[in-house]
Amino acid sequence: MSASTMLGGLISTKSLYSEDPVDRYIFDHSLRYTSEQTELLHDLKNLPEKIQPWLGSTDEAQFFQVLIRLMNGKRAIEIGTFTGYTSLTIALALPSDGELITCDISDEYIRKDIWKRAGVYDKINLQIRPGLDLLEELLEREGENSFDFIFIDADKANYPQYYELALRLIRPNGLIAIDNTLWNGRVLNQNDTTPETSAIRQTNNIVKNDPRVDISFLRLGDGTTFCRKK
């Protein structure tokens, strides 16, 4: 059964709505959803249509699981929680004593009940606060080089600051993943000078020329850039 059929025609992320036959073949032959993930995706249809695309791509989240397990990752940070789908997916890849610290400015759409049923509630430390405040506090409390994996997917205007703080928090050989680095193609439109698009362009340029990291910019979801700290 295809992902789109299983989810009742839900359209949100590329992995759920793409009609490209190659995309569909890839997704239909790779994506695996737990019952809790499927329920969370079904419930997305009940949210206002304009915010449904905020959900990160499900193929992206599944790729995170592979990377975290390869790294033997134990400590992770997520900036931008939304419904908690990616939080759930990351937490499923962490060991029993692992921890994901995730933050958002509101818990209105976060399905903590699904985290509980999936058995990952105790792995997730939810913080309702601005992401910059959290990262700065973690630097003060935990120190540099203290996390294995960091996912940046919150307010785009702060992406350059998120990246710099994340680079201090991530350990050598740790991984930072930055979402929406294609921004639906708007980064290519030089007439688009909105704060969000400008900040993503700036982040892309910073990362491209940053000797502190190895990078891979993939056409995964809405563009995902991976940065391995040297």
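Visitor: Why is Asp 113 called partly exposed?

Guide: Its relative accessible area is 33%, and partly exposed covers what lies between buried, under 20%, and exposed, over 50% (1.4 Å probe, protein chains only). The value of Asp 113 therefore falls in the middle class. A word on the source: this is a predicted model, where local features need pLDDT of at least 70 and side-chain atom pairs count only at pLDDT 80 or more, while totals for chains, interfaces and linings use all residues. Residues are numbered from 1 along each chain as its sequence is written, and side-chain values use heavy atoms, leaving out hydrogens and water.

Visitor: What makes Arg 111 and Asp 113 a salt bridge?

Guide: The term asks for a side-chain nitrogen of Lys or Arg within 4 Å of a carboxyl oxygen of Asp or Glu. Here N and O are 2.7 Å apart, so the pair qualifies. In the whole structure, a search finds 20 salt bridges.

Visitor: How do you know that Asp 214 and Arg 228 tie separate parts together?

Guide: Their closest N and O atoms are 2.6 Å apart, a salt bridge. Asp 214 sits in strand β6 (residues 213–218) and Arg 228 in strand β7 (residues 224–229), so the link joins parts 14 residues apart in sequence. Helices (H or I, at least four residues) and strands (E, at least two) are DSSP runs, numbered from the N terminus. Asp 214 is partly exposed at 34%, and Arg 228 is partly exposed at 29%.

Visitor: What does the salt bridge between Glu 142 and Arg 75 connect?

Guide: The two side chains meet at 3.4 Å, N to O. Glu 142 belongs to helix α8 and Arg 75 to strand β1, so they tie together parts 67 residues apart in sequence. Both residues also belong to a salt-bridge network with Glu 99, Arg 129, Glu 137 and Arg 141.

Visitor: How do you know that the length of helix α8 agrees with its residue count?

Guide: The expected span is 1.5 Å times one less than the number of residues. For the 12 residues of α8 (131–142) that gives 16 Å, and the end C-alpha atoms are 16 Å apart.

Visitor: What makes Phe 64 and Phe 151 edge-to-face?

Guide: Rings of Phe, Tyr and Trp (its six-membered ring) pair if their centres lie within 6.5 Å; planes under 30 degrees apart are stacked, over 60 edge-to-face and the rest tilted. These centres are 4.8 Å apart and the planes stand at 65°, so the pair is edge-to-face. Phe 64 lies in helix α5 (residues 58–71) and Phe 151 in strand β4, and both are buried.
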